[in-house]
Amino acid sequence: QVQLVESGGGLVQPGGSLSLSCVASGTISSFNMNWYRQGPGQQRELVAGISIGGSTNYADSVKGRFTISRDNAKSTMYLQMNNLKPEDTAVYYCNSNRFRLPSGRENYWGQGTQVTVSS
């Protein structure tokens with residue numbers, strides 16, 4: 001069982017920046033890591049992902065503004081968010097997942113951190 005703890009959320013004005021962190025209770029080197037978000041009345045959506053090998057992918061809505069990274073030695077994943085917009089307001093969740101035999105797929109979630117973009 002892996003526990004994930006997000007931090008770094010808060011209130012920021014449009015155009016501002018925030019940096020989120022996700023610390024895992026164990027090693028993350030064998031996990032694909034993702035940031036998801038869920039806005040008010042919306043479904044949870046994938047914001048950004050980083051693979052075991054370091055490949056990254058982003059939702060179109062955040063490309064060029066958000067940067068995902070990982071530090072396996074610190075069991076930590078990051079999300080640098082720049083030029084924030086009101087539509088980025090959401091609860092941001094950390095996710096880790098992997099597939100291993102014979103246990104199958106493992107999927108873990110953090111408790112979420114609130115990001116509010118408002119003037």
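**Exercise 1. Determine how many aromatic pairs a search of the whole structure finds, and describe the pair of Phe31 and Tyr108.**

*Solution.* Step 1: rings of Phe, Tyr and Trp (its six-membered ring) pair if their centres lie within 6.5 Å; planes under 30 degrees apart count as stacked, over 60 as edge-to-face and the rest as tilted. The search finds two such pairs.

Step 2: Phe31 and Tyr108 are 6.0 Å apart, centre to centre, with 65° between the planes, an edge-to-face pair.

Step 3: Phe31 lies in the loop between strand 3 (18–24) and strand 4, and Tyr108 in strand 10 (residues 104–109), so the pair ties together parts that are 77 residues apart in sequence. Strands are DSSP runs (E, at least two residues), numbered from the N terminus.

Step 4: both Phe31 and Tyr108 are buried, that is, under 20% relative accessible area with a 1.4 Å probe, protein chains only.

The model is predicted: local features need pLDDT of at least 70, side-chain atom pairs count only at pLDDT 80 or more, and totals for chains, interfaces and linings use all residues. Residues are numbered from 1 along each chain as its sequence is written, and side-chain values use heavy atoms, without hydrogens and water.

**Exercise 2. State which strands pair with strand 4 (residues 32–38), in strand 9 and strand 5 order.**

*Solution.* Step 1: two strands pair if DSSP finds at least two bridges between them. Strand 9 (residues 90–100) pairs with strand 4 in the antiparallel sense over seven bridges, and Gln38 stands opposite Val91.

Step 2: strand 5 (residues 45–50) is antiparallel to strand 4 over five bridges, with Trp35 opposite Ala48.

Technical notes:
Helix = DSSP H or I, 4+ residues; strand = E, 2+ residues; numbered from the N terminus. Buried < 20%, exposed > 50% of the residue type's maximum accessible area, 1.4 Å probe, protein only.
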